[in-house]
Amino acid sequence: MNKFWKNGDPFVWLTGVALMFSLLMIAGLLWLIMAKGLGFFWPAGVTEFELQNDTKIMGEITAHEQIRGISGKSDTVEDKFRTQLKIGNRDLFGLDFRWIDDDQIVSQSEPKYAVVMERREWGNFYGFIKEITKNGAVICQGNEECWPKLEEDILVYANIYKQIRKIGKSEIGGINREIENYRLKIRGIELKGGNPEQIKQIEAKIADEENKYKEKEKELSVLYEEFTKEKVVMLSVDGREKEMALGNIVLAFRPNAMNWFQKASLYAHRVWGFVSDEPREANTEGGVFPAIFGTIMMVLIMSIVVLPFGVLAALYLREYAKQGTLVRIVRICVNNLAGVPSIVFGVFAVGFFIYGIGASIDSFFFSEALPNPTFGTGGILWASLTLALLTVPVVIVATEEGLAAVSQEIRHGSLALGATKFETTWKIVIPSAMPAILTGLILAIARATGEVAPLMITGVVKLAPQLPVDGYFPYVHLERKFMHLGFHIYDVGFQSPNVEAAKPMVFTTALLLILIVIALNLTAIVIRNRLKKKYTTSAV
Amino acid sequence: MTAQTRLKKKDNQQASSGLKRRKLADFIATSVVTTGGIAVILSILAILVFIGIETVPLFQGVKSELASSFVLRESPELSSYSLDNSDNKAFSFIATGMEEYREIGFVVTRDGMLTFLSLTDGKTIKQFPLTELEDSKITASFESVNNKLYSFGTNDGFILPVRTNYKIDFVEEKRVITPEITEGDLFKVADASLIKIAYEESEEDGGSAAVAYTSGGELLLAALVEPEDDFGDSEPKQLTHNLTEELHGNTVTAIELDQSLENLFVGTQNGKIYHWDLSDKESPEFLRAIDATESPNTEITALAFLLGDRSLLVGDEAGNVSVWFEVPDKSSPTGDILTRIHQLSPLELPVTNIAASARDRGFIASDEGGNINLYHATSGQMLKELSTEGSSVQKLAFAPKSDGVVAIDKEGKMFNWSLDNPHPETNIKTLFGKVWYEGYQKPEYVWQSTGGTDEFEPKLSLTPLAFGTLKGALYALFFAIPISIFGAICVSQFMHPSLRNTIKPTIEIMAALPSVVLGFLAGLWLAPIIEKIIPAVFTVPIVLTVFTLITVFIWQYVPRGIKGRFKDGSELFILLPVIIIGILVSLWLNQPIESAIFGGSYKEWFYSVLGLQYDQRNSLIVGFAMGFAVIPIIFTISEDALSSVPKHMTAGSLALGANRWQTAIRVILPTASPGIFSAVMIGLGRAIGETMIVLMATGNTPIMDWSIFNGFRALSANIAVEIPEAPHGGTLYRVLFLAALLLFFFTFFINTIAEIVRHRLRKKYGQL
């Protein structure tokens, strides 16, 4: 026995446990997010249960667990289980999910004709088709007859919906913007003294725009009429009927009647929808496109700011400053700043950027809009600058390491051949250090994509009405608030009215975020390796 | 000149002009880089400076300035009033006040004339005779803390409430204020002259109550109760009670009534305070009489309620000023006792007036020597001293926005001060020490920044938040340190170098995971699961250790041929399935253990045996999640440190007969310990600054409790949650900046130590 302990192997293996446990944790976490995230889009089968009290209930099975009694103790010796069903039909039943005790189930089946509908309001619907009406007249009845018609016509109305959105958002939106701009102009003139002539001119323009608006309104009402012409009457499993316009249905499918291939193509369609659609139902359904866009645009602006400044500072520290204790201290300080909590930067941004610089910009350039702040409140510009400040130490450290790796001989050789210091730096040192600079930039981006805390207070919102980029001058609107993937996770997971319904979506968003971050990190590694090969000088 | 020399000269010229251009470019580049570099570095450091500047106003004192002073009788309308210095009771000016912009004030004289005057020069603006009084003379006055309702008691036993209104118009961008008054209904309280009165109107039920002390020595309560049925216009019922009995003959010198008409406090000449409960107007209940002064028979000269009507301010003949409120006490018949909370910095002479702020828990007190002190009740500090050049202050008023003080002295001179007091609530003690808040049994550390009403007492102590931050960080390290350091030892000492190249990137992926995702998983997925399997959580380490030892034991007997196939250290991968099986076994054991040891429900057991409450989102969850975030940091740096130990030390130790475990623990680990220390420091810094995980995985309750089963609130999460709601430039805003400053310093300090240690270590290895 003693020998067992003496050679120290048990302890070695115990350290191995620690390591393996960490590896398992990572793998487990990634697998969990992938399974729950990817699984969300797979069309799950719909099960119909008949219960002991002669009622029927139908929906997707979402969970199955052992019951614990009220006091937390588990009941008698037998195992008792219960199942969670997503029953949808919130407009009929009042809630999306229901638990049923397993011992209440008399029988279950998977009806072939059960239809799952994703709707624009009220969430999912699970039921059977009773009939379709157009302009009040019944054009088909029953599941078999109506299903192909339903599939076709949904596409037609999806198009009409797109048109309605286009007119509503871009065209009427554009008219509103013009009117608002004119109004601000009038206010600006009033503040400066007021030239009644000019004001009258602008008011005439406003009247013009309002006429345009009325015309668009007419167009819209025609479309709306068209939109609600065709209706489908659905039967829910308990016999109740629900009539809904075909235009309100985003997607309809019959999971129990689909083969694997059909399910796969629906899966791909839904994944694409997730990435390209806008959110619905308080961010618990629909897509995350605005969040992806916001995240990417913010990261772009941040990179544009952080790269030159970080490289500049690193150049100064390494090449141009006199190396001594002061520079060493400054270097330590800059390194440490990478460890300062991100919320501190957020606080600084609120005080300095938003209430300081932002308020000044407002009083100089946007005084007509006051007291509504333009730059004196959170926006994509301030958020990007905050993150730039946060990640500049990362870029500085990485660039410095790259610059330090360039041997002095190369510099001396260049200078000896008559190049100025600037030329040496620009043409020889920086290109050699380019892999390190890019690594630094990509690490900065990877870190910025994952930071949420400072953004929460500098300009990210739950739901942004517009994207920061649109077709109206100045095309890039830096004062607008935006959506962000990381904040989306926090908001939907913790501040949405229906957390159970939202959870799968949060897993998917988390998966998306992780994929982006891992992809960025891998890119950093690959670029670094590639450029290392390209710029490595031969051994001297 | 020959063609050749001409060419040469041209060449030289071109060369020199090209050289000039290049030199210019070099010069520009140098200046750009230097200024740019310095600017970037300075701006990074400027963050600290800026945040610091924003917090400084919290600790600055009060600024005051005498805006104007004038003798009232110099104004023609007021020249006829007597001052009669020999007898204080005949001082003509019986009340004073002002409006919120401090442009117009007023004085009321005993003949029933209310005069509005300009506070800048004392010129009369308008005069209103109080017509309801007819021929009565005013003998007593009372002011409600909202600065708008004034009541006057007469020499024939009536009380008249008067409201002041200020109409504000803007004429050509300038503010024009027009004052006027609304007289209430005169009602009779007694048949004698009223010496002291108190009168309040309840906003809730429209009733009102007046308390008066007559020249005949009687203390009377008159309550006007709105009738319960509102059929028609029935008059409010007046209920009169004589409360003199309980006084046992003592003379009343001060009366105070709260706005909800429930508490009546009466101060007497022998230093006692009498307390009545008036919630039932049909039968007022006498609660208690207490000695309120240090030495007996010191007259109580002034009583006032602080904003919120919970704290009572007491001023006495000796110049003492104290704050009292009711403190829960089980031994008392009413469940609480009136306790002196603060004995504030005293005035020199008898206190003449106390006026409370309508905005915060500050107040002013004046004495017969002309001194006026500005106090803040919650922090128990004196903020400012004002003076009327030595003559007794007869009447005192605090501006509605608490930005000014008006006083009338015995000589009939009115003084008008302006005050700049933006952050009265904070000093080092209230931010970090224990404070006795209204209604608490004793001084405590509390963070509760906002409440439902304007009268809420803000409790801004950073201690619970700092405690929370530390608690979260320590639990995270508790989980992370063993795993990461042992893991680092394993990878650097016991594994083949090629394995290192696959394991390191994997752990680095852990570092790249956004903390939002970790927080979300911890709060939404892990917390409900852990809640069900707590016994399993505690058995996992034991089970895993046992299983590992069994595996090692079995491994000994595995034939050499198979053992040899495994690269150095890769046999440890066998542990992967072992761990999985171990965890499954623990989960399977969860149920039986819970029934056997915890009697079926661990929550109940914890509560009854250990007194611990279990919250679903607690420090255990945060420990796991933050630990997960911190493990890669500690692992990477420790592993670097361990690998950098020169190989000849390992070789030497093994050659001398030590086994690999002894080498690792007794030789390598101590050598690399500075690096490991540095790693832990950096991990600690990261854990302290973590915001999202804490925000999502704790209950965010600012409690100070080491229990692992309840939550906490950290500085970082608190800032994130409260800063969007904090009014710009207000006290909460600046306190949050102070919290950010604390975080900054703490992490900076920790990281600097870690850097210095690492630096030294590098040097040391160079020498080894």
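Start by selecting His248(B), which is exposed at a relative accessible area of 67%. Here exposed means over 50% relative accessible area, buried under 20%, and partly exposed in between, with a 1.4 Å probe and protein chains only. You will find His248(B) in the loop between β14 (237-242) and β15 (252-257) of chain B; strands (E, at least two residues) and helices (H or I, at least four) are DSSP runs, numbered from the N terminus. Check the backbone while you are there: phi of His248(B) is near 50°, a positive value in a residue other than glycine. Most residues other than glycine have a negative phi.

Before moving on, a word on the model and its labels. This is a predicted model, in which local features need pLDDT of at least 70 and side-chain atom pairs count only at pLDDT 80 or more, while totals for chains, interfaces and linings use all residues. Residues are numbered from 1 along each chain as its sequence is written, chains are lettered from A and ligands numbered from 1 in the order in which they are written, and side-chain values use heavy atoms, leaving out hydrogens and water.

**Next stop: Trp122(A)**

Hop over to chain A and pick Trp122(A), in the loop between β6 (115-119) and β7. Its phi is near 70°, again a positive value in a residue other than glycine. Trp122(A) counts as partly exposed, at 41% relative accessibility.

**Salt bridges within a chain**

A salt bridge here is a side-chain nitrogen of Lys or Arg within 4 Å of a carboxyl oxygen of Asp or Glu, and the count over all chains comes to 46.

Zoom in on Lys130(A) and Glu241(A), whose closest N and O atoms are 2.7 Å apart in a salt bridge. This pair links distant parts of the chain, 111 residues apart, with Lys130(A) in strand β7 (residues 124-134) and Glu241(A) in strand β10 (residues 241-245) of chain A. Lys130(A) is partly exposed at 28% relative accessibility, and Glu241(A) is partly exposed at 42%.

Still in chain A, select Glu118(A), Arg270(A), Arg280(A) and Glu285(A) together to see a network of salt bridges.

Asp640(B) sits in helix α10 (residues 619-644) and Lys504(B) in helix α4 (residues 497-512) of chain B, 136 residues apart.

Show both chains as surfaces. The contact (heavy atoms within 4.5 Å) takes 91 residues from chain A and 98 residues from chain B. Chain A and chain B bury about 8,400 Å² between them, 81% of it on carbon and sulfur atoms; buried area is the accessible area (1.4 Å probe) that two parts lose on being put together, summed over both. Highlight Trp13(A), Met20(A) and Phe494(A), which in chain A lose the most area to chain B, together 9% of what that side buries.

How many salt bridges are there between chain A and chain B? The count is three. One to display joins Arg22(B) and Glu423(A), with the closest N and O atoms 2.8 Å apart. Then colour helix α2 (residues 9-39) of chain A, which gives the most to the side of chain A that touches chain B, with 23 residues.

**Into the core**

Hide the surfaces and look inside. A nonpolar core is a set of buried Ala, Val, Leu, Ile, Met, Phe, Trp, Tyr and Cys residues joined through side-chain atoms within 4.5 Å. The largest one has 211 residues, and those with the most contacts inside it include Ile396(A), Tyr490(A), Met495(B) and Phe520(B). Helix α7 (residues 289-320) of chain A gives the most to this core, with 16 residues.

Centre on Tyr490(A): leaving out residues up to four places away in sequence, Tyr490(A) touches Met456(A) and Gln495(A), along with Val516(B), Met692(B), Leu695(B) and Met696(B). Apart from this core lies another, of 33 residues, with Val189(B), Leu194(B), Tyr213(B) and Val266(B) among them.

**Last stop: Glu455(B)**

Finish at Glu455(B), in the loop between β30 (447-448) and β31 (459-460) of chain B. Glu455(B) is partly exposed, with a relative accessible area of 36%. Leaving aside neighbours within four places in sequence, Glu455(B) is in contact with Leu307(B), Gly308(B) and Arg361(B).
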